[in-house]
Amino acid sequence: MLQIDLWKRVLIWLVCAAGLLLALPNGFYTRVEQANDAAADIIAKGETPERLETAGQWPSFLPSGLVNLGLDLRGGAHLLAEVQVEDVYEARMDALWPEVRDALRPERSTVGTFRRQPGPADQIRLKISKPDGMSRALEVVRALANPVTSLTGAGATDIEVSAEGDILVVQLSEAEKLASDDRTVRQSLEIVRRRIDEVGTREPTIQRQGADRILIQVPGIGSASELKAIIGTTAQLTFNPVVGRGSNADAAPGIGNKVVPSLDEEGTYYTIEAAAVVTGEDLVDAQPSFDQNGRPAVTFRFNTSGARRFGDYTAENIGSPFAIVLDDEVVSAPVIQSHIPGGSGIITGNFTIEESTNLAVLLRAGALPAGLEFLEERTIGPELGQDSIDAGKVATAVAFVAVLAFMGLSYGMFGMFANVALVLNIALIFGMLSLIGGTLTLPGIAGIVLTVGMAVDANVLVFERIREELKAGRGPAKAIDEGYSKALSAILDANITTFITAVILFAMGSGPVRGFAITLGLGIMTSVFTAIFVTRLMIVMWFERRRPKTIEV
């Protein structure tokens, strides 16, 4: 009948206590005080605005995580940038021109002299003095084509070579343009993310929108112009000779050297020469590819001046490691196997396809690959966020009081049990948000308000079932037990379908939609827990103490 094992009772109350303890700091330390804190001072101390100042206010041994506030509540900057992907086409053609020129020089007896002509930025147009040799020129230049390294361009080559009379035309293929556009936007995303992460802001939204746009939302930052200045910061990419490698970060590097950590090998430090052989300013391109054994690798290419310096260095230092350093972290330190003329090379290692792609993105992250045109710029002040918070509080309070009154009037003592569970439900939502570091947005507040209404649905189903059992002549204990047993399947079915919807909204949506999905999904889980376990435990404990002969629901 109405029996709940002791260990289950202890576990239920422990979960409720943990939720209350995790949620308590959010009411103890107001967000207005956080907004007034100097962000620069907090970051300089190695802390974040999302943690409590513990001195004299909150015991350090207790949880002190707070729910992160989104842009619409905390204030900050919003940018929508369009990546000018066409800018990359011209750079690719300029980088390809020396290869075309060097390939045609040995064929002058057949094709004659050749000279580059003015034309579109995404083309190389060469006028050949001996049109009869055009077929040979086409053959030579087509040999420079490489496979397109993308799933959509499988089987295609990166350039198309054609003839227009005595003009040889080289241009990027459509497949390569699509792949290049995708790489350019991905690279821009990586650069923007790295720049913003350095500022130490919490919960920025940096995501791709459409084919060539990037949405950037950073809570807590002063203005859109400040955010644009951060994005415009150039990363430092250098290629430095390696002096040594070890695990001591405080090792004496020697005159003219410095010690830098490895990016992906924790505890590993490289001593490198401070003077770089070439820098990221000389890097034209880096793309994922495959080595001669079919293993994932990364190819890179320098401009003319960088190629000359790189070639001279590799010729003189065969067998020596060469560090690729990004923002004072060693991305890779390959050993020079042979002289690398022409300014291009390949980095091999135990890469997966994803790792080689990410490394190529990192190598190109020294500077934005293309210009960013800002289509939207908005600065949201904390006052607007506070207005939203106040409005959300009012809406939540009205819904909360209305539901409490309805349950108390409709179901009496049992309604009061449901009301206590509802209070615990809200606390558990905030406790879980604090635990996972979730972000609360204005739509998220709407999700909580919706949860307040939905949370009592399960209790209504149970209580109505108990009423039916009482009308059928069941005793109080049997009616309560049957009420919970028969309502369980309906409760689970209704909440599982809603939870699936919340998961889909979170996976497929973005921004405000995801904020709503987070609180809705968490609210469903906590409401099912409080309805099935907490209210039942409270009713059982009450019944065991009072042993009533009759009950009213």
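How many helices and strands does the protein chain have?

**View 1. The whole chain, a predicted model.** The protein chain holds 16 helices and 19 strands, where helices (H or I, at least four residues) and strands (E, at least two) are DSSP runs numbered from the N terminus. Of its 553 residues, 45% count as buried, meaning under 20% relative accessible area with a 1.4 Å probe and protein chains only. Residues are numbered from 1 along each chain as its sequence is written, and side-chain values use heavy atoms, leaving out hydrogens and water. As this is a predicted model, local features need pLDDT of at least 70 and side-chain atom pairs count only at pLDDT 80 or more, while totals for chains, interfaces and linings use all residues.

**View 2. Confidence along the chain.** The average pLDDT (the predictor's confidence in each residue, from 0 to 100) is 80, and 84% of the residues score at least 70. Strand β11 (residues 269–273) has the highest confidence, at 91, and helix α3 (residues 39–44) the lowest, at a mean of 39. Over residues 30–56 the pLDDT is below 50. Where pLDDT is low, the predicted coordinates should not be read in detail.

**View 3. The largest nonpolar core.** Here you meet a set of buried Ala, Val, Leu, Ile, Met, Phe, Trp, Tyr and Cys residues joined through side-chain atoms within 4.5 Å. The largest such core has 50 residues, and F414, F463, I466, I480 and V534 have the most contacts inside it. Among the elements that give two or more residues to this core are α1 (6–28), α15 (476–508) and α16 (512–546). Helix α12 gives the most, with 14 residues. A second, separate core of 42 residues includes V170, L189, I214 and I221.

**View 4. N495 in helix α15.** Look for N495 in helix α15. N495 counts as buried because its relative accessibility is 14%. Not counting residues up to four places away in sequence, N495 touches I524, S527 and V528, a contact being heavy atoms within 4.5 Å.

**View 5. The largest pocket.** This pocket has a volume of about 900 Å³. Of the 37 residues that line it, E99, N146, F300, R301 and S344 are the closest to its centre. Helix α5 gives the most to the lining, with 9 residues.

Technical notes
On a 1 Å grid over the protein atoms alone, a cavity is a set of points where a 1.4 Å probe fits but cannot get out, and a pocket is an open set with protein on both sides within 12 Å along at least five of seven lines; lining residues have an atom within 4 Å of a point. Grid points are joined across faces, edges and corners, and a volume is the space filled by probe spheres set on the points.
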